[in-house]
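Subject: Structure for your records, with notes

Hello,

Please find the structure below.

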Amino acid sequence: MKPEFQLAFLSKLQRLFAEGDFTATYKFALLIALADLSVEVGRDDNEPLKLPYRSIGLKFIQLYWQQAAPFTGGGVLVQNLGTQAAVVSAITEYRRKHPSLTLNTFQNGDGFQTLLSAVTATVKLQPVKYIQNLGGGQDVFLFESGKDGITLLPGVGYCLRRFQPLVQQLARSHWLDHIRGNKRNLPLLGEDDDLELFLFETPRQALTTISSGLRKIRSKCHYCDGTVKEADVDHFIPRSLYPRDLMHNFVLAHPSCNRSKSDTLAAKPHLMRWMEFIYTHDNDLKEIGFEAGIKSDAPTTISVARWGYSNALSSGGQAWIKAAQYEPLECTYMGLWE
Ligand SMILES: [Zn+2]
């Protein structure tokens, strides 16, 4: 992919945030959905990528699931400048009917297909239709839309994979500003609220469940193999690269090992141990995910990891060995996915 194309893509994206019309938060969700799907099902080539509307609709339900619950015990946050965004109302209603469903199990409720169809229809009619309208005209730089789905233009999937952290950060911070800037949310928002946590992060309660579940499998630090008393739940593929929480991406680590690894990818021995761990304990991890209400999806987690390493490799990244010790990533890492 030519650097000129990548630069042009980034400046279009900048224009989209600067000039796009954001009456609702849907466009942010759509950008995140496209970036996630490019990582999860796309490839490192320049080919167009076809994405069915339903798979985007499903992403919307995942993204808005937590947000459609009442914020810190009050009302549901408003995600549109007019009446509440239809997607949020539909999910709120569905959640009311099925209070025990979680991000792990939301597909199991009565009426889920109806919800998915309604959300998919809104996605198709609104953000898909309008996201490429910039400054009064249409600039088709992301995708062409068809009857059953959209097709990312050649090179767009590549750029979304390459710049996933950037797209995520931009979309999330604008999303956050949108909700804060909506006067109707003011009564719900305090000065020092944890809005960002609520919108985008796994609740602490779930992390506690994950931590105690992982301890039952193996109460050692994933990285140094030392016994853990106090333990952090670490994102094996750092959150800064891929912020969506998947159960198989969690490992137990000493707070010090976790801090030292920080936002870096782990070196080969850790990676091999992680792969072995998730193959051996697939069922245990699924069970913990179920209890914690966190999506578990081993194949997706593995392709996300492959993407993470290959992306870092192509930009000359380092891998973390232990405190203050790194090594350059090498092609041999990629052999682990063969
Ligand atoms: Zn450790």
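For the residue classes used here, Ala, Val, Leu, Ile, Met, Phe, Trp, Tyr, Cys and Pro count as nonpolar, Asp, Glu, Lys and Arg as charged, and the others, Gly among them, as polar. By that scheme the lining of the largest pocket holds 17 nonpolar, 9 polar and 12 charged residues.

This is a predicted model, in which local features need pLDDT of at least 70 and side-chain atom pairs count only at pLDDT 80 or more, while totals for chains, interfaces and linings use all residues. Residues are numbered from 1 along each chain as its sequence is written, and side-chain values use heavy atoms, with hydrogens and water left out.

Pockets

A pocket is an open set of points on a 1 Å grid over the protein atoms alone, where a 1.4 Å probe fits, with protein on both sides within 12 Å along at least five of seven lines; lining residues have an atom within 4 Å of a point. Grid points are joined across faces, edges and corners, and a volume is the space filled by probe spheres set on the points.

The largest pocket contains about 860 Å³ of space. It is lined by 38 residues, and the closest to its centre are Gln66, Leu103, Glu201, Thr202 and Pro203. Two or more lining residues come from each of helix H2 (26–41), helix H3 (53–65), helix H8 (164–181), helix H9 (195–200), helix H10 (204–217) and helix H13 (282–292). Helices (H or I, at least four residues) and strands (E, at least two) are DSSP runs, numbered from the N terminus.

H2 and helix H6 (127–130) supply at least two lining residues each. By class, the lining of the second largest pocket has 5 nonpolar, 5 polar and 3 charged residues.

Zinc site

Cys221 (SG), Cys224 (SG), His254 (ND1) and Cys257 (SG) coordinate the zinc ion at 2.2 to 2.4 Å. Donors are N, O and S atoms within 2.8 Å of the metal (3.2 Å for Na, K and Ca); water is not among the atoms, so sites may look incomplete. Along the chain, the donors have the spacing C-x2-C-x29-H-x2-C. Cysteine 221 lies in the loop between H10 and strand S6 (232–235), and cysteine 257 in helix H11 (residues 255–261), so the pair ties together parts that are 36 residues apart in sequence.

The arrangement is tetrahedral because the 4 donor atoms subtend angles of 91 to 121 degrees. Four donors count as tetrahedral if all angles lie between 85 and 135 degrees. Cysteine 221 and cysteine 257 are both buried, where buried means under 20% relative accessible area, exposed over 50%, and partly exposed in between (1.4 Å probe, protein chains only).

Single residues

Most residues other than glycine have a negative phi. Aspartate 225, which is not a glycine, has a positive phi of about 65 degrees. Aspartate 225 is in the loop between H10 and S6 and is partly exposed, at 37% relative accessible area. Alanine 324 also is not a glycine and has a positive phi, of about 60 degrees. Alanine 324 sits in the loop between strand S9 (318–322) and strand S10 (325–328), and with a relative accessible area of 72% it is exposed.

Cysteine 331 is in the segment after S10 and is exposed, with a relative accessible area of 61%. Leucine 101, in the loop between helix H4 (86–97) and helix H5 (112–125), counts as buried at 13% relative accessibility. Leucine 101 and glycine 293 are 192 residues apart in sequence, and their C-alpha atoms are 8.1 Å apart.

Regards

Terms used: Four donors count as tetrahedral if all angles lie between 85 and 135 degrees; four count as square planar and six as octahedral if opposite donors are over 155 degrees apart and all others between 65 and 115; anything else is irregular.
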